[in-house]
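Please look at the sequence and the 3D structure below, and keep both in view while you read the paragraphs that follow.

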Amino acid sequence: MRLDLDLPGSWIIDPEDVALRIGVSPAALKRSVVEGNARLLIVPGSWVGAGSSRVTVHLYDGGWQGTFDRSGQLVADHVW
């Protein structure tokens with residue numbers, strides 16, 4: 001899994017990877033985001049750790065959080 005910076009400055013993560021980690025289909029995750037039933041939070045920079053970024057996805061009563069190094073590689077994750 002990678003976290004990439006899109007050209008306009010938006011962070012991109014593959015929703016299929018996240019959906020598999022939280023146990024829903026990619027279509028269900030995308031639908032939840034569009035309907036406003038999922039919260040996504042990306043915290044870039046040193047607040048998380050030197051050069052790392054954290055992505056958090058809250059979906060209903062569960063979620064996923066991943067920490068990415070400065071190259072965009074997933075270094076740790078947690079599912080609840």
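What covers the buried residues of helix H2 includes helix H1 (15–22), strand E3 (38–43) and strand E4 (53–59), where helices (H or I, at least four residues) and strands (E, at least two) are DSSP runs, numbered from the N terminus. The model is predicted, and local features need pLDDT of at least 70, side-chain atom pairs count only at pLDDT 80 or more, while totals for chains, interfaces and linings use all residues. Residues are numbered from 1 along each chain as its sequence is written, and side-chain values use heavy atoms, with hydrogens and water left out.

Helix H2 spans residues 26–35, and within this helix Ala-28, Leu-29 and Ser-32 are buried, a word that means under 20% relative accessible area, whereas exposed means over 50% and partly exposed lies in between (1.4 Å probe, protein chains only). These residues are on the same side of H2 because they cover an arc of only 100° around the axis, the arc being that of the directions from the helix axis to the C-beta atoms. After H2 comes Gly-36, which has a positive phi, near 85°.

Strand E4, one of the elements that cover H2, is itself mostly covered, since five of its seven residues are buried. E4 pairs with E3 in the antiparallel sense over six bridges, and two strands are said to pair if DSSP finds at least two bridges between them. Within this pairing, Val-43 has Arg-54 in E4 as its bridge partner. E4 is also joined to strand E5 (residues 62–68) by seven bridges, and these strands run antiparallel; here the bridge partner of Val-57 is Trp-64 in E5. The hairpin of E4 and E5 has two residues between the strands, and in this hairpin Tyr-60 takes a positive phi near 55°.

Which residues lie nearest the centre of the largest pocket? They are Ile-13, Pro-15, Val-33, Leu-40 and Val-57, out of eleven residues that line this pocket. Strand E2 (11–13), H1, H2, E3 and E4 are the elements that give two or more residues to the lining, and H2 gives the most, with three residues.

Strand E1 (residues 3–5) contains Asp-4, which is partly exposed, with a relative accessible area of 33%. Although Asp-4 and Gln-73 are 69 residues apart along the chain, their C-alpha atoms are separated by 9.0 Å.

Notes:
Contact means heavy atoms within 4.5 Å. On a 1 Å grid over the protein atoms alone, a cavity is a set of points where a 1.4 Å probe fits but cannot get out, and a pocket is an open set with protein on both sides within 12 Å along at least five of seven lines; lining residues have an atom within 4 Å of a point.
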